[in-house]
Amino acid sequence: MTEEQKAPDVRQLGLEPSDRDGHTLEELSDYLEAGRLPVDPSIEGSPGCQLALDALERLQGLGGQLIEADAAARPEVDDSWVDRILSGIALDARAGRRIPFDESDPSVDFGITEGAVRGLIRSAENAVPGIMVGRSTLDGDVTVVGEPIRIAIEVNAIYGESIPTAVARLRAEIAERLHRQTDLTVTSIDVTVRDIQRISSAAEETS
Amino acid sequence: MSTTALPGLAERIEAAVLATAGVRNVYRAGSLVSNIVGEGAVAIGISRSDEALVAVRTDDDGVEVEASLGVEYSANALELLRDVRAAIDKVLADDGLGPVEIALTIAYVHPREASSD
Amino acid sequence: MAGERFRSALEQADDRIVAGRAMDGDVAAFAVLVRRYTPMMRAYTQRMLNASADVDDIVQETFVTAWQRFSELEDPAKVKSWLMRIVSRKAVDRIRALRPMLDVDDMEQAAPSHSAPARVVEARAGIEALGAALQELPAAQRECWVLREMGGYSYDEIASELDISVSTARGLLARARKFMIVRMEAWR
């Protein structure tokens, strides 16, 4: 049995200049990327150009999928990789400003980092099942004792829990933790609910 | 550059700090390192056998001590820091050193619920 | 266990929340980002370099840089494209360190011959064909194509990254596309 190897007929793809009625491949690429607008009658009216555009479009479509396909084909990321990354970063890079305590003795200087305070704010969610805390900001000059500070927090609400109740509880938890662990003068705690999140937990999956 | 007036002074201060109720970690000033320990990422202090974690400087005016701490969640952090200060004072008094300036920074507060997990 | 459930919740949280926490110093959230985007970053880097040796180093350096420079991320929801830009820059830096000058011969490379020796033509799925064709591209054309189609860079940005003119970038991209179309048609 013979196999007939047919070289692809490139002319059928509209890739040779003579097929494209004077339009370059670059031109057609740009035309495609512009969403074929504004409509160019000379391009749209040329069969060679149409073929080339079809081929370019197929290529572009696949191109967008390639990275997903590549990523999906890769092995899972394991703990040793995450460890490798984490051991290479300096955590105090995110420590932020130093927040002083209100201690009058001049021979001591007591403080807490902004990073530690944000950690405190995040930990408040442990007491509030319906909330996951995202980014938090301390507005105001925290380096000066007594300066009024406004706390702004972005959160996701967990599907199924009452949002107003959860938010109120979160505020109370944060206020208490900050009161105990810092000397910040907190004037307000603004909570913005960004999204509702569904969580599948092991408990749900096995029930 | 930190120097110690007496050999092992920084280490003894560090031990006294760690022995204070409510203190869990002493970090080398300026660096926190994290590793995945068990189920979650926990901030731990790096410890080097050749270098103390507490910074101690001595000059003509006296002694300066500086430390970065990881603490338990407590009823009052300021009181905790005062306790640490008292512990440091005692070590220095035992050595006949003074006056002393102490700078303490809380770099991490272990979550209140951490022990219940 | 509360810890397990929470960890699962964090892993399922959207980029805005996870990156927001990571920017604030939450190491667990940063670890979620590492797990979430390492495969994509590795894939992209491999395609740019067409080699696997330096990939993990580049991805690691990217995460270290991201941690240091988190304050430059204005919108945590955009952390994915932010990370991809950083890794792309580092991949190009690596390429340029190894090859300071663009190889002019690359630009003159002919498209695949139509008279290839007779052989069994395998039918290949589109993505596989694309991936294989990409590996055959000369370096400069491949880099342009990856920056454009996988990185979403504009022509100006490609020109800037590779230190070439915009018209050179256009030309390289057109050649790359032509090569790939012909190659992939040959496999249909």
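**Strands, core and chain contacts**

Q: Which residue in E6(B) is the bridge partner of B:Ala67?
A: B:Ala67 has B:Leu104 as its bridge partner in E6(B). This is a predicted model, in which local features need pLDDT of at least 70 and side-chain atom pairs count only at pLDDT 80 or more, while totals for chains, interfaces and linings use all residues. Residues are numbered from 1 along each chain as its sequence is written, and chains are lettered from A and ligands numbered from 1 in the order in which they are written.

Q: How do E5(B) and E6(B) pair?
A: E5(B) and strand E6 (residues 100-109) of chain B are parallel and share nine bridges. Two strands count as paired if DSSP finds at least two bridges between them. Strands (E, at least two residues) and helices (H or I, at least four) are DSSP runs, numbered from the N terminus.

Q: What else pairs with E5(B)?
A: Strand E1 (residues 23-27) of chain B runs antiparallel to E5(B), joined by four bridges, with B:Ser68 as the partner of B:Tyr27. Strand E4 (residues 55-59) of chain B is also antiparallel to E5(B), over five bridges. E4(B) and E5(B) form a hairpin with two residues between them.

Q: Why is E5(B) largely enclosed?
A: Strand E5 (residues 62-71) of chain B has seven of its ten residues buried, so the rest of the structure largely encloses it. Buried means that 20 or more other C-beta atoms, placed from the backbone, lie within 10 Å of the residue's own; 12 or fewer makes it exposed, and in between it is partly exposed.

Q: How many residues of chain C are in contact with chain A?
A: 56 residues of chain C are in contact with 51 residues of chain A; contact requires C-beta atoms, placed from the backbone, within 7 Å. H3(C) gives the most to the chain C side, with eleven residues.

Q: And what about the largest nonpolar core?
A: It has 137 residues, and those with the most contacts inside it include A:Ile131, B:Val65 and C:Leu33. Helix H3 (residues 27-49) of chain C gives the most to this core, 15 residues. Such a core is a set of buried Ala, Val, Leu, Ile, Met, Phe, Trp, Tyr and Cys residues joined through C-beta atoms within 7 Å.

Q: Finally, what is the mean pLDDT of chain C?
A: It is 85, and 82% of the residues of chain C reach 70 or more; pLDDT is the predictor's confidence in each residue, from 0 to 100. Over residues 110-123 of chain C it is below 50. The model scores ipTM 0.82 and pTM 0.82.

Technical notes
Two residues are in contact if their C-beta atoms, placed from the backbone, lie within 7 Å.
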